[in-house]
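This briefing concerns a predicted model.

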Amino acid sequence: MSDKILMKGNEAIAEAAIIAGCRHYFGYPITPQTEIAAYMAKKMPKIGGTFLQAESEIAAINMVYGVASAGKRVMTSSSSPGVSLKGEGLSYLAGSDLPSLIVNVQRGGPGLGGIQPSQSDYFQSTRGGGHGDYHMIVLAPASVQEMAELTVKGFELADAYRMTSMILADGTMGQMMEPVSLDIDVKPSPEKPWATTGTKMAREHNIVNSLSLVPEELEQLNFKRYERYKVIEENETMFEEYKVEDADIVLAAFGIAARVSKNAVDEARKMGIKAGLIRPITLWPFPKAPFKAAAGHAKAFISVELNMGQMIEDVLLATESKRPVTLCNRAGGMIPDPKQVLNSIIEVNGGIQ
Amino acid sequence: MHYKRLTILCGHYGSGKTNIAVNMAYDLRNQRDNIAVADLDIVNPYFRTKDSERDFAERGIRLICSDFASSNVDLPSMPADLYSITDDKSLSVILDIGGDDRGAFALGRLRDAILSEGDYDMYMVVNRYRPLTPDAMSTVEVMGEIEAACGIPFTGIINNSNIARETTAQDVLNTVAYAEEVGKISGLPVVCTTVEDRLYDELKDKISPLFSLTLQAKLI
């Protein structure tokens with residue numbers, strides 16, 4: 001019997017969270033991620049977990065705050081407009097150094113937008129989303145298998161660095177069905193001596209809070225947090241390189257855009273154009289090193305995105321603007337097809353050689 | 001295949017109902033003139049029979065479907081011409097019902113007319129490789145929930161077990177016993193096994209009856 005099963009991306013996230021030991025899910029339905037909540041609603045009661053449909057996204061993120069304070073693996077999921085509502089809670093989680101997993105299966109925006117896939121929350125995810133100086137670890141899966149694996153990884157990183165991990169997927173990733181192996185190794189949740197689990201009169205009480213009354217102390221907290229972020233940037237950056245070594249034209253794309261781009265790279269190669277692809281898997285921390293290295297030999301970069309050009313700014317920063325970077329994009333719920341990306345490569349290359 | 005006037009496809013979401021509905025419609029079109037596909041999915045706004053609208057028009061298959069399917073309007077809406085399914089007795093219809101019991105609620109609206117006419121088959125589409133129906137008992141449980149939601153008893157099982165493009169003939173053969181077990185527990189026949197057309201030749205002498213599917217989904 002095949003050891004794989006057929007899953008939707010959203011289901012893979014839900015099942016992987018359960019495999020990772022998450023027993024607490026709070027959410028509010030929104031297309032295109034509703035299957036996560038539906039799956040949790042079916043599964044959690046059978047395994048002694050909690051599924052709770054909150055009265056709003058804001059309530060759900062604050063329930064996440066509560067469970068995270070108690071030291072348990074916990075998650076919520078939503079789509080773009082719902083994640084905006086969670087913004088305040090994300091900032092409070094960061095300010096309290098709490099580990100949690102947030103899923104954003106993006107849809108076209110801004111505003112209520114539409115239900116078709118998008119990557120237009122790149123800025124929101126990598127630059128904050130809520131207020132204040134903070135980051136989330138942002139993971140961008142490009143297959144249903146990665147939806148599962150990065151969910152487990154997200155919980156592990158969140159616990160290791162006491163911060164929020166976000167799965168930044170898009171509607172296609174959430175809805176598409178692919179074979180998945182759920183044979184995934186999980187690092188158990190570490191000891192959390194800071195958690196508010198009751199003193200049993202045996203220790204000083206723990207306080208989880210994001211309020212700081214002394215500015216000097218708040219400054220020190222920010223400094224310390226950013227030292228931790230530096231360690232993450234050094235140790236946890238993930239990316240995939242595809243035919244980059246000898247590439248003249250290097251594409252940058254994540255998620256569904258990377259799958260389209262890979263096809264375009266193959267087509268370009270058939271025409272004799274040396275194209276390659278760098279696929280960031282962590283969007284924060286952004287994989288600067290491979291872009292910097294590629295800027296040494298590549299003639300130009302193309303950022304392929306389902307938005308009006310957001311990651312392109314990180315590509316410009318990472319390549320230190322040594323080479324031209326152009327945008328190949330669709331927006332509002334549309335996906336670039338391999339032909340559009342190929343045309344972009346041909347154009348940048350100065351026509352077919 | 002032999003078709004009653006109404007062929008109703010239910011099952012767990014993602015079990016393959018829509019692809020089967022499209023292929024059954026093509027098969028039925030070869031047998032009869034006045035046919036329709038009715039898309040009564042109120043759960044999922046994606047992967048709808050509406051995606052085959054142009055194909056249907058070319059083949060003279062009527063599509064009974066909400067105007068909002070496959071659009072940005074994420075509304076659980078029913079087709080405006082819903083009642084022609086039960087009122088127009090000259091029409092043969094393949095009904096594509098939304099996933100699980102929640103999807104089947106929409107079908108309940110037509111229950112009285114369907115049961116009093118009595119010219120229907122309702123098939124449970126099963127996929128052993130889907131996470132929430134990995135064995136016969138869990139599948140029969142979902143069947144019970146669907147029947148309770150729509151008030152219409154199933155008449156047969158369709159085994160559509162697959163893991164998409166990676167499916168091998170052996171993967172399908174390995175699910176025959178599972179489908180028979182579902183049939184045994186529920187007391188219903190396995191009316192056919194459905195496979196992607198690329199596997200049909202390899203399996204046609206091993207599984208009977210076997211129904212070939214040309215997939216409508218566009219893959220990236």
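A residue is called buried when its relative accessible area is under 20%. By that criterion, Val341(A), Leu342(A), Ser344(A), Ile345(A) and Ile346(A) are buried in helix α13 (residues 338–348) of chain A.

**Helix α13 of chain A**
- The elements covering the buried residues of α13(A) include β10 (249–252), α10 (255–270), β11 (275–280), β13 (300–305) and β14 (325–329) of chain A.
- After α13(A) comes Gly350(A), which has a positive phi near 85 degrees.

**Strand β1 of chain B**
- In strand β1 (residues 6–11) of chain B, 6 of 6 residues are buried; Leu6(B), Ile8(B) and Cys10(B) lie on one side, and Thr7(B), Leu9(B) and Gly11(B) on the other.
- β1(B) runs parallel to strand β5 (residues 120–126) of chain B, joined by 6 bridges, and Cys10(B) has Met124(B) as its bridge partner there.
- β1(B) also pairs in the parallel sense with strand β4 (residues 92–97) of chain B over 4 bridges, where Leu9(B) stands opposite Asp96(B).

**Aromatic pairs**
- The whole structure holds 8 aromatic pairs over all chains.
- Tyr226(A) and Tyr229(A) form an edge-to-face pair, because their planes meet at 65 degrees with ring centres 4.7 Å apart. Both lie in helix α9 (residues 215–235) of chain A, 3 residues apart.
- Tyr226(A) is partly exposed at 32% relative accessible area, whereas Tyr229(A) is buried at 2%.
- Phe291(A) and Phe301(A) form a tilted pair, 6.3 Å centre to centre with 45 degrees between the planes; both residues are buried.

**Charges over rings**
- Lys262(A) lies over the face of Tyr242(A), 5.0 Å from the ring centre.
- In chain B, the charged end of Arg130(B) sits over the ring of Tyr13(B), 5.8 Å from its centre.

Key. Residues are numbered from 1 along each chain as its sequence is written. Chains are lettered from A and ligands numbered from 1 in the order in which they are written. This is a predicted model: local features need pLDDT of at least 70, side-chain atom pairs count only at pLDDT 80 or more; totals for chains, interfaces and linings use all residues. Side-chain values use heavy atoms; hydrogens and water are left out. Buried means under 20% relative accessible area, exposed over 50%, partly exposed in between (1.4 Å probe, protein chains only). Helices (H or I, at least four residues) and strands (E, at least two) are DSSP runs, numbered from the N terminus. Two strands pair if DSSP finds at least two bridges between them. Contact means heavy atoms within 4.5 Å. Rings of Phe, Tyr and Trp (its six-membered ring) pair if their centres lie within 6.5 Å; planes under 30 degrees apart count as stacked, over 60 as edge-to-face and the rest as tilted. A charge sits over a ring if NZ of Lys or CZ of Arg is within 6 Å of the ring centre and within 35 degrees of the ring normal.
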